Amino acid sequence: MLNPIRAIIFDIDNTLLATDSFVIENIQKTVLHLKENGQPHLTIPHKDDVCEVLSKNLPFEDLCKELFPDASEIVLHEYHHRAQHLSYQPTLGALHAIQTLQKNGLIIGLVTNRTRMTHERLLQA
């Protein structure tokens with residue numbers, strides 16, 4: 001007889017939290033803000049371009065370097081300043097799934113490869 005399932009582990013990024021959509025939207029908003037406030041040379045990246053770089057699973061600093069080779073530090077600084085005041089949204093069905101599993105007594109575990117930002121993301125969720 002099989003042992004009953006007692007715990008389940010979820011990845012955080014794009015499984016429980018809609019991180020890609022958060023990043024895409026807020027990179028675009030950050031660049032727009034910078035363009036309107038002294039950095040007119042910046043180009044707002046298209047969603048597809050950001051998605052392509054996100055698919056490489058780079059550290060965020062490297063993502064900015066790839067998207068903005070000549071302005072990565074400016075974009076990164078402004079992005080972090082603006083994003084810390086925003087909330088991540090759960091993925092569709094994530095809250096219901098977690099609540100149902102907890103109600104049924106399962107232990108919930110979280111994993112991620114983005115250890116430096118995990119604490120901040122969970123506070124923002």
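Which residues in α1 meet which residues in α4? The structure examined here is a predicted model, in which local features need pLDDT of at least 70 and side-chain atom pairs count only at pLDDT 80 or more, while totals for chains, interfaces and linings use all residues. Residues are numbered from 1 along each chain as its sequence is written, and side-chain values use heavy atoms, with hydrogens and water left out.

On the α1 side, the residues that meet α4 are Phe22, Val23, Asn26, Ile27, Lys29, Thr30, Val31, His33 and Leu34, and their partners in α4 are Ile74, Val75, Glu78, Tyr79, Arg82 and Ala83, where contact means heavy atoms within 4.5 Å. By class, this contact of α1 with α4 has nine nonpolar, three polar and three charged residues (Ala, Val, Leu, Ile, Met, Phe, Trp, Tyr, Cys and Pro count as nonpolar, Asp, Glu, Lys and Arg as charged, and the others, Gly among them, as polar). The axes of α1 and helix α4 (residues 72–83) come within 9 Å and cross at roughly 115 degrees; axes are lines fitted to C-alpha atoms, for helices over the stretch in contact, with angles running from 0 to 180 degrees between N-to-C directions. The two helices α1 and α4 are therefore roughly perpendicular to each other, a term that covers angles of 65 to 115 degrees, whereas those under 35 count as roughly parallel, those over 145 as roughly antiparallel and the rest as oblique.

Helix α1 (residues 19–36) also packs against helix α2 (residues 47–54), their axes coming within 10 Å and crossing at roughly 130 degrees, which makes α1 oblique to α2. In this contact, Asp20, Val23, Ile24, Ile27 and Gln28 in α1 meet Lys47, Val50, Cys51 and Leu54 in α2, and by class the residues comprise six nonpolar, one polar and two charged.

Two asparagines in loops have a positive phi. Asn14, found in the loop between β1 (7–11) and α1, has a positive phi of about 65 degrees although it is not a glycine, and Asn14 is partly exposed, with a relative accessible area of 38% (buried means under 20% relative accessible area, exposed over 50%, and partly exposed in between, for a 1.4 Å probe and protein chains only). Asn57, which lies in the loop between α2 and α3 (60–67), has a positive phi of about 55 degrees, although Asn57 is not a glycine either; Asn57 is likewise partly exposed, with a relative accessible area of 42%.

Notes
Helix = DSSP H or I, 4+ residues; strand = E, 2+ residues; numbered from the N terminus.
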